[in-house]
Structures are given as C-alpha cells and as structure tokens.
Amino acid sequence: SLTTAMAASARLLFRGAGLKAYTANVNSGAQSSFGTTLLRLSPNCSSQTKTQIKHASHFTYHPDPVPTMYGPTTKMNLFQSVTSALDNTLASDPTAVIFGEDVAFGGVFRCTVGLRDKYGKDRVFNTPLCEQGIVGFGIGAAAAGATAIAEIQFADYIYPAFDQIVNEAAKYRYRSGNLFDCGNLTIRAPWGCVGHGSLYHSQSPEAFFAHCPGIKIVIPRGPVQCKGLLLSCIEDHNPCIFFEPKILYRAAVEQVPTEAYTIPLSQAEVLQEGSDVTLVAWGTQIHVLREVVSMAQEKLGVSCELIDLQTILPWDTETVCKSVAKTGRLLISHEAPVTGGFAAEISSTVQEECFLNLEAPITRVCGYDTPFPHIFEPFYIPDKWKCFEAVKRLISY
Amino acid sequence: MTQTKPNSHEGCIVLPGALRQQPFDSSEEKPQFPGASAEFIDHLEFIQPNVISGIPVYRVMDRAGQIINPSEDPQLSKETVVNFYQKMTLLNTMDRILYESQRQGRISFYMTNYGEEGTHIGSAAALDSKDLVFGQYREAGVLMYRGFPLDLFMAQCYANADDLGKGRQMPVHYGSKDLNFITISSPLATQIPQAAGAAYAAKRENTNRAVICYFGEGAASEGDAHAGFNFSATLECPLIFFCRNNGYAISTPTNEQYRGDGIAARGPGYGMLSIRVDGNDVFAVYNATKEARRRAVAENQPFLIEAMTYRIGHHSTSDDSSAYRSVDEVNYWDKQDHPISRLRHYMTARSWWSEDNERSWRKQSRKTVMEAFEKAEKRHKPHLDLMFTDVYDEMTPNLIRQRESMWRHIQQYKDHYPLDAYAK
C-alpha cells in the first residue's frame with residue numbers, strides 16, 4: 001500500500017545520514033558508512049569494550065642487535081624480512097619459484113609483495129585452493145630440480161598436506177636409496193597466536209611434524225633470524241618447514257642485512273647466559289621469556305639462561321643439555337597444547353642426559369589441552385605471569 | 001516516489017535520489033560472472049551425466065589383432081613391434097617367476113602385471129627416454145621397456161646389496177634415476193600432484209621434456225588426483241595423465257569406485273583434453289600417448305588418457321581374487337582379450353613371428369629370468385649402516401648415536417640376529 005511504501009522510504013531517509021554512500025554501495029557493507037552511522041546513533045554502544053581495554057599484546061618485542069657481519073642493513077619488519085629473503089633467492093637462483101594461495105598479489109600477509117612484478121608470473125604464481133596440491137606440486141618441482149618455495153596460508157591449514165609432507169617429502173631420499181630427493185623444497189606458513197585468531201588462525205603445529213624423520217622444522221624469533229634461517233632452509237638439501245610467527249609480522253622491526261646471509265640450522269642460540277634456571281622457547285615466546293628473565297632477576301634475584309631453540313627438528317640437544325647441566329633447572333614454554341607438545345620431547349631427552357644434574361622436575365608452561373580459544377586467549381596462552389610463577393616454583397623446589 | 005515492479009521488461013527500479021540501474025534489454029543479456037561464461041537459460045534443466053553412452057574407446061586392432069582402420073596403423077617397423085612383444089612377454093615371464101618365489105617364501109611380497117602389459121609398453125614406447133615417469137606400482141613394463149635390467153628388478157625384490165633403493169622398500173617399489181623413473185611409493189595418488197610440479201619445472205627448463213603420470217582408477221578417487229588434475233590445467237603443465245582402468249581396486253569393482261563415466265569424463269571438468277583407449281591394444285595406447293606427448297609439450301597443457309584394461313592377476317600376493325570375482329570372468333580376459341595375444345596375431349599375420357621364434361624366445365627369456373633370479377637370491381643384503389643413511393643428506397648427531405647404540409646391542413646379542421645375511 002502507499003502508506004507502507006511511504007513508511008519504507010521514510011525509514012530509508014532516516015538512515016540516510018550517509019545516503020550517498022549508501023546508494024552507491026547498498027549491499028557492500030564493508031565500504032558503507034551506513035554501519036558506522038548506525039553504531040554512532042545507537043545510545044548503548046560504548047566506545048571501547050571491556051575486553052578491548054585490557055587486551056594489549058602479551059609480550060614486548062625485543063629486537064636483536066644490529067648485525068655487523070652480513071653487510072649493510074635496513075629497517076625491516078618480519079614480513080619484509082621474508083620478502084627480502086625471497087627476493088635474494090629469486091635473484092640468484094633462476095630455478096626458484098614461489099607459489100601458493102594469493103601469493104601473486106603479495107600474499108595475505110604481504111610476504112611476497114612486488115616479487116611477481118619483479119621476477120615474472122612464471123616464477124611467482126597463485127595455485128588453486130588446495131594444500132595437498134600445493135605441497136605435492138612443490139615436491140614434484142623440487143624432485144625435478146627446481147627450488148620450490150611453497151606457501152601455506154596459515155599453519156592451521158597444513159593438515160591436508162600432512163600425507164605429502166610425512167609420507168612423501170620426508171621419505172623421498174631414504175626410500176629411493178638417494179636416487180631422488182626433494183631437498184629443494186621449502187614450505188612456509190604463518191604460525192602462532194595473534195590475539196584474536198581462535199581455533200584456526202593461531203595454531204603451532206610443530207609437534208605433529210617433529211615426529212617425522214626426514215624433514216626440518218625451523219621457527220625464527222625476529223626479522224634478522226627469519227631472513228637468515230629462511231635462506232638456510234631454502235639452501236638446505238632437505239625439505240624444510242618454516243613457521244613464521246604471524247603476530248610478529250608487523251610488530252617485530254629490526255635492522256636486517258639487505259644481502260643474502262644464512263644462520264645455521266640445528267644450532268640453538270643462548271640469548272642470555274645465566275646460572276640458576278634454563279629457559280627454552282622458540283618464536284614469539286622468546287620475547288615473553290625475555291621479560292621473565294628480567295622479572296626473575298629483579299623480583300627473585302634469580303639468574304636465568306635463555307635459549308632460542310630455532311630449529312625444532314633436528315634439534316640441538318647439546319646446547320640445551322649443556323645449559324641444564326650447569327643450572328640444574330629447566331623450563332620449556334610453547335603456545336601449543338602441553339600434552340604431546342614439543343616440550344615433552346625436550347623434557348624426555350634432558351632427563352635422560354642430565355638426570356643427576358636436575359635440582360627440580362622439568363617444567364613445561366604451555367597452552368592447555370584445548371583447541372585454541374577465541375575470547376579466552378588471554379587466559380590460554382603461557383604468558384609471563386605463568387612462566388614467572390613456574391620459575392618461582394622451580395627455584396623453591 | 002515511484003516504484004515499478006522488479007520483473008518489468010524495463011528492469012528499472014526508481015527510488016529517491018537513489019539506486020538507479022542503467023536501462024537494459026534482458027533478452028539480449030549475457031552473464032557477466034567472473035566464474036563462468038556461457039549463456040542464460042530460462043527453463044529448469046539438470047544436465048544428465050552421460051553414463052550410458054559415454055566417452056568411446058579408441059582402438060586400432062580388434063581382439064584378434066586385425067587393423068580396423070588402416071589409417072590408424074602406426075606402421076611401426078618389424079624390429080619395433082617384435083621388441084614390444086618381447087618386452088611384454090619377458091615381463092610376463094618375470095611376473096610368473098617372482099610371484100612363485102613369493103609363494104615359496106623367497107621374497108616377501110609381489111605384484112604382477114598380468115593383462116596390463118599393453119598399457120606399459122605402448123605408452124613407454126611413445127615417450128622420449130628423458131621424459132620423467134611417475135608411477136603407482138603396476139607399471140614395471142615401462143621400466144622394462146626403458147632397459148632396466150632383470151638383475152636390478154630382482155635386486156629390489158630381494159632387497160639385496162645391489163638394490164638401487166638400498167633395501168629400504170617392499171618389492172616392486174622400483175626406481176631409476178638413469179631411466180628417469182621416479183621411485184615408487186605405496187601411498188596411492190601422491191604422485192599425481194607431484195607430476196604436475198615436475199612438469200611445471202620441466203616447462204621452465206625449456207628442454208622439450210614431458211612428464212607422464214600413471215595411476216589406477218581406484219587411486220583416481222583420492223583427493224590428490226583432483227589436486228593434480230586441477231593444478232596441471234591451471235598452471236599449464238606439459239603432462240600426460242595415464243589412468244589404467246583395470247576394473248578393480250583390490251576387491252572394489254568400478255561400480256563401487258565411481259558413478260560417473262569413468263576417469264576420462266572428469267578431464268573436461270578440469271579443462272583438460274581427454275581420451276579413452278583400449279588398453280589391451282598396444283597400438284591404440286601408443287598412438288594416443290604419442291599424440292598427447294607431442295601436444296602437451298608443444299602447447300603446455302595436460303592430457304588425460306584412460307586406458308581400459310583388465311587386471312587378470314590378483315591385486316598382490318596378499319590377495320586371492322577368487323573371493324570377489326569368478327574364474328570365468330578372469331578366463332575371458334586371459335583367453336579372449338589379451339594384449340600379448342593380440343600383438344602376436346598381428347605379427348603372425350605379417351609372418352614376423354613363427355612358432356619357432358615363440359619357442360626359442362620363451363626358452364631364452366625363462367633362462368635369463370632364472371639366471372638373474374638365482375644370482376639375486378645368493379647376494380648379501382645391504383650393509384646395516386644403510387638403515388641410518390639418507391634420512392637427511394647428512395647424518396645427524398642423533399642418528400650417529402642411534403647407529404652406535406644399534407651396533408653395541410648387536411655385538412652383545414649377535415646370536416639373535418641374522419647377521420650373516422648382511423654385507424660386512
């Protein structure tokens with residue numbers, strides 16, 4: 001009826017504070033100011049929610065010192081350090097190709113920005129949306145002699161490729177008697193918590209792959225390490241999985257060498273020497289533990305030795321055991337769930353090698369045995385308070 | 001405010017200051033969707049999958065080896081055709097002897113190729129020797145055609161010290177770098193996306209190299225098959241997909257494996273050129289593979305060949321197929337439609353192969369197979385250290401420790417381990 005129509009148009013006019021924008025983009029909510037207007041006009045919406053107010057980052061990023069032995073440096077964040085490594089690789093290795101979902105336009109985390117324009121669409125290209133295909137394709141390209149760099153969009157989505165990684169890539173050399181191998185394959189994936197990632201954008205799956213002889217697993221703590229370790233993985237003659245802490249993509253900024261350089265794999269790094277407790281972690285968690293080292297020193301007078309494992313497989317047992325032989329106490333921390341997490345492997349090996357040196361049981365501060373939750377993230381993650389409390393208990397055992 | 005009805009021919013809805021579509025004539029419109037072109041259709045109609053009259057089966061010879069359409073006869077030389085025949089029969093002889101050797105407990109496992117010899121030899125002959133082969137496990141004839149010696153087939157099955165694979169895998173998991181045959185692995189269809197990647201790398205190398213990827217109709221159900229088909233088409237790879245549709249995946253017949261028109265009908269869904277051939281006709285297999293290879297490399301696109309055949313033997317030595325199919329069915333294929341018999345009829349019709357040739361060849365091939373067999377059986381197994389190498393390119397400290405631990409254990413308990421069988 002006419003009254004209904006008039007009422008409808010009246011409602012339309014009422015909503016029309018951003019009418020021009022509304023008419024142009026009636027169904028494209030992302031671009032419409034209609035949504036903004038509605039929120040502004042609503043009397044019950046406060047400007048900041050309770051969870052937002054308390055929800056700052058759970059760590060402070062501690063940059064590496066400026067490296068001096070690799071030539072000139074420039075300021076880069078983590079995703080830029082990845083781009084730089086890939087740029088160096090494509091420049092020096094004509095067989096190198098980069099592929100995965102959305103890598104052509106630069107990638108959802110901007111790791112491949114500019115590379116397609118610079119090196120060509122046959123070298124930096126999108127694949128269909130299929131992780132088992134991405135990794136399978138990468139294995140074949142690597143076996144045929146190309147340097148294959150595969151991107152999995154989130155580590156949470158790597159599982160369809162699990163068969164190709166575990167049954168094929170890892171075993172290619174062994175099962176063929178070294179006639180064939182896919183050492184030219186590197187798989188990169190964003191990894192770890194990001195504040196709001198929930199079940200499927202926050203996972204740390206390294207433990208699933210640690211049980212697989214034949215592959216290497218590497219996780220950097222910042223841009224300088226990232227570029228050097230990624231280049232080592234690409235150069236390495238074994239298939240490597242390189243997990244990139246996504247929360248650090250923008251947050252981690254360092255002076256990074258512009259030329260290519262490598263940081264050795266399977267060599268853990270002692271970031272800070274100490275005498276009372278050994279702390280072991282990798283990726284983002286290193287920055288959490290850095291703060292715990294300061295807290296332990298200030299509040300407890302405890303001297304901690306901090307080790308960045310860097311390579312999960314094959315891992316540097318010697319550096320960790322040497323440290324625990326000295327301190328007698330070990331704390332291992334990771335975001336991944338505690339049961340069957342990689343801390344369990346470290347703990348088991350250390351108690352075999354250092355049993356008589358131990359002053360206290362080995363402690364693991366890890367995620368709970370739940371899927372990674374959304375709204376509960378601040379309570380789920382192994383934050384500095386949980387780690388600090390664990391150091392206290394280790395000391396007073 | 002005026003508002004005309006949405007389905008008016010004018011197609012224009014007018015609101016104040018407002019949504020204003022351009023005027024259009026809906027009878028002339030074409031779809032603009034980025035996802036697909038084609039036409040609009042105004043009546044509801046589901047497309048019928050064409051299972052009854054599906055993709056036809058290309059053949060050159062009939063079951064008696066007679067050429068049907070002379071223009072399709074590849075007119076290969078006598079030498080070439082005799083070689084085809086000898087390779088197929090040598091494979092058959094090797095299969096019989098190795099199958100029996102498993103029954104006698106001499107090797108742990110075996111898979112025969114009975115009935116599918118034509119698919120192997122016809123396709124292998126159509127390729128360049130430098131073309132890379134990804135197989136599944138029932139393509140030994142491809143390797144044999146390329147010249148893999150009997151000694152090395154046997155060495156792999158016996159896992160002895162001559163095995164190129166260093167004794168690490170079950171029998172029939174062959175590989176040869178020299179002959180461009182990627183080592184077989186047990187998981188099915190994993191080779192399919194790998195073949196796409198290898199073909200892409202070959203394309204970039206620009207050396208006129210193709211890749212062929214073999215798999216069965218059962219493996220074609222795996223997700224990896226879908227992945228490989230889609231990737232090869234979108235990434236424009238010079239690749240031949242060769243599906244051996246032999247009627248069974250262990251005990252599962254094709255009507256429980258798929259409901260569509262076999263594997264060939266899937267090709268067009270990926271934008272891939274596809275053909276179905278008579279796999280028991282070595283010339284049809286040859287012609288199709290030859291043309292597919294030529295075009296795959298020239299045009300950088302994948303081809304799908306579905307070779308219809310029949311698995312005359314059991315799935316493997318762990319299988320007794322009388323549990324799920326009749327002896328009559330198997331006998332039909334063995335006696336009435338066999339690639340070896342077909343080719344023999346073709347040859348005898350041209351007086352290229354006599355009874356005498358047959359007798360002396362059978363005797364000779366049996367002798368060479370038995371010699372290789374006896375030799376392989378006597379050889380030592382590989383050195384125990386080889387259990388620990390090639391996990392990575394270099395041995396890790398961890399593995400060095402584990403190897404030392406093993407040797408210490410062996411020294412202490414040596415009476416309980418078959419050390420004498422292994423190379424010192």
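This report describes the largest pocket of a predicted model and the contact between its chains A and B.

**The largest pocket**

The volume of the largest pocket is about 1,200 Å³. Its lining consists of 47 residues, and those nearest the centre are A:Leu313, A:Pro314, B:Tyr392, B:Thr396 and B:Asn398. In chain A, the elements that contribute two or more residues to this lining are helix H9 (172–175), helix H10 (206–210), helix H14 (317–327) and helix H15 (342–354). H15(A) supplies six residues, the largest share of the lining.

The pocket also has a place in the domain arrangement of chain A. Because domain 1 (73–257) and domain 2 (269–396) of chain A both give residues to the lining, the largest pocket lies between them.

| Class | Lining residues of the largest pocket |
|---|---|
| Nonpolar | 20 residues |
| Polar | 15 residues |

**The contact between the chains**

The size of an interface is often expressed as the accessible area lost when the parts come together. Between them, chain A and chain B bury about 3,800 Å², with 63% of this area on carbon and sulfur atoms. Chain A brings 50 residues to the contact, and chain B brings 45 residues.

The two chains have one salt bridge between them. A salt bridge joins the side chains of A:Asp122 and B:Arg204, with an N to O distance of 2.9 Å.

Definitions and conventions: Residues are numbered from 1 along each chain as its sequence is written. Chains are lettered from A and ligands numbered from 1 in the order in which they are written. This is a predicted model: local features need pLDDT of at least 70, side-chain atom pairs count only at pLDDT 80 or more; totals for chains, interfaces and linings use all residues. Side-chain values use heavy atoms; hydrogens and water are left out. On a 1 Å grid over the protein atoms alone, a cavity is a set of points where a 1.4 Å probe fits but cannot get out, and a pocket is an open set with protein on both sides within 12 Å along at least five of seven lines; lining residues have an atom within 4 Å of a point. Grid points are joined across faces, edges and corners, and a volume is the space filled by probe spheres set on the points. Helices (H or I, at least four residues) and strands (E, at least two) are DSSP runs, numbered from the N terminus. Ala, Val, Leu, Ile, Met, Phe, Trp, Tyr, Cys and Pro count as nonpolar, Asp, Glu, Lys and Arg as charged, and the others, Gly among them, as polar. Domain bounds come from an automatic or database domain assignment. Contact means heavy atoms within 4.5 Å. Buried area is the accessible area (1.4 Å probe) that two parts lose on being put together, summed over both. A salt bridge is a side-chain nitrogen of Lys or Arg within 4 Å of a carboxyl oxygen of Asp or Glu.
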